[in-house]
Amino acid sequence: MAGSTKQLPAVSTRAQTRESGTFTRSTSGSQSLERGLQLLRSFRVGVPVLGNAELAERTGLPRPTVSRLTRSLVDAGFLAYDHESRGYRLTVAVMSLAQAFRYDVPVIDIALPLMKKVAEGEKINVGLAVADQSEMVYLESVRESRRGVFRRAEQGSRFPMELTAGGRAYLAGLSAAQRDIVMKMLAARHASHWARIRREIDEAGRGIARDGYCVASWQPGLTAIAAPLVAPDRSLYSVSIGFHLASGQQQELVQRYAPMLLELVDDIRVSWERRHRS
């Protein structure tokens, strides 16, 4: 028929996921499930029990909604009610999920010996982290205590993405579309200070593009440098080195440790690719 146009078949969301590396589906998600997972994310090391009021404050959800969700999570076996504390605690079901994740991420076993070698040889802190929404989570961290004894920080410990070298390196490794999504979440969290934080994040991104690493001093007396690490399966991580310094030492120590950081990232990547091919 004259003037008619032939419609091209729609690209499937699975094909879009493969091409973009970003999960895409046309079906809508479950809001109740998302809210329930928000509650589970509220628990932290050192805060084992939370009541409905605390969960509502941490998530911004209404108290009646929290009450319904905690009931469902108790029934499903993910939360248990602590009668003495009058609050909820995580159950062993969460540990099983964590272990399933732990043994499905080969980078941890590959990276730890290499991280320990650098940390113990230089008496510095070395961390491997990944993002959980707008926060970073340590998969491994070898840290120097005040007594000079090296220890592994708790797996699962969280730290800010927007304020740290590890988080800013991770942001620099994201695609433009992925970074835009995360930056909107971060902007909402820092309404009054966002302009300054955004400038620091942008500067870190330029540092990554120019030198392969970025620098940040989040905790007093401690400076960190970090670089993104892309896995063979395109998963993104950050590797960081942290060190204590006296006044005027930052440039000297950054120049000392930056080559070690970049070599460590390369060693982890090469070892991972070798295992991936075998």
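User: Which elements do the buried residues of α10 pack against?
Analyst: This is a predicted model, in which local features need pLDDT of at least 70 and side-chain atom pairs count only at pLDDT 80 or more, while totals for chains, interfaces and linings use all residues. Residues are numbered from 1 along each chain as its sequence is written, and side-chain values use heavy atoms, with hydrogens and water left out. Helices (H or I, at least four residues) and strands (E, at least two) are DSSP runs numbered from the N terminus, buried means under 20% relative accessible area, exposed over 50% and partly exposed in between, with a 1.4 Å probe and protein chains only, and contact means heavy atoms within 4.5 Å. On these terms, the buried residues of α10, among them Leu253, Tyr257 and Trp272, pack against α6 (107-122), β3 (125-132), β7 (214-216), β8 (222-230) and β9 (236-244).

User: Where does α10 bend?
Analyst: The bend at a residue is the angle between axes fitted to the seven residues ending there and the seven starting there. In α10 this angle is about 30 degrees, and proline 259 follows within four residues of the bend, which is at tyrosine 257.

User: How many aromatic pairs does a search of the whole structure find, and what are the planes of tyrosine 138 and phenylalanine 159 to each other, in degrees?
Analyst: Rings of Phe, Tyr and Trp (its six-membered ring) pair if their centres lie within 6.5 Å, and planes under 30 degrees apart count as stacked, over 60 as edge-to-face and the rest as tilted. The search finds 4 aromatic pairs. The ring centres of tyrosine 138 and phenylalanine 159 are 4.7 Å apart, and the pair is tilted because the planes lie at 40 degrees.

User: Which strands does this pair link, and are tyrosine 138 and phenylalanine 159 buried or exposed?
Analyst: The pair links distant parts of the chain, 21 residues apart, with tyrosine 138 in strand β4 (residues 135-144) and phenylalanine 159 in strand β6 (residues 158-160). Tyrosine 138 has 14% relative accessibility and so counts as buried, and phenylalanine 159, at 8%, also counts as buried.

User: Which parts does the pair of phenylalanine 243 and tyrosine 257 tie together?
Analyst: These two residues form a tilted aromatic pair, 4.9 Å centre to centre with 40 degrees between the planes. Phenylalanine 243 is buried at a relative accessible area of 3%, and tyrosine 257 is buried at 7%. The pair ties together parts 14 residues apart in sequence, because phenylalanine 243 lies in strand β9 and tyrosine 257 in helix α10.

User: In which sense do β1 and β2 pair?
Analyst: Two strands pair if DSSP finds at least two bridges between them. Strand β1 (residues 79-82) and strand β2 (residues 87-90) share 4 bridges, and alanine 80 has arginine 89 in β2 as its bridge partner. The two strands form a hairpin with 4 residues between them, and their sense is antiparallel.

User: Is arginine 86 buried or exposed, and which residues is it in contact with?
Analyst: Arginine 86 sits in the hairpin turn with a positive phi of about 55 degrees, and its relative accessibility of 68% means that it counts as exposed. Leaving aside neighbours within four places in sequence, arginine 86 is in contact with Gly51 and Tyr81.
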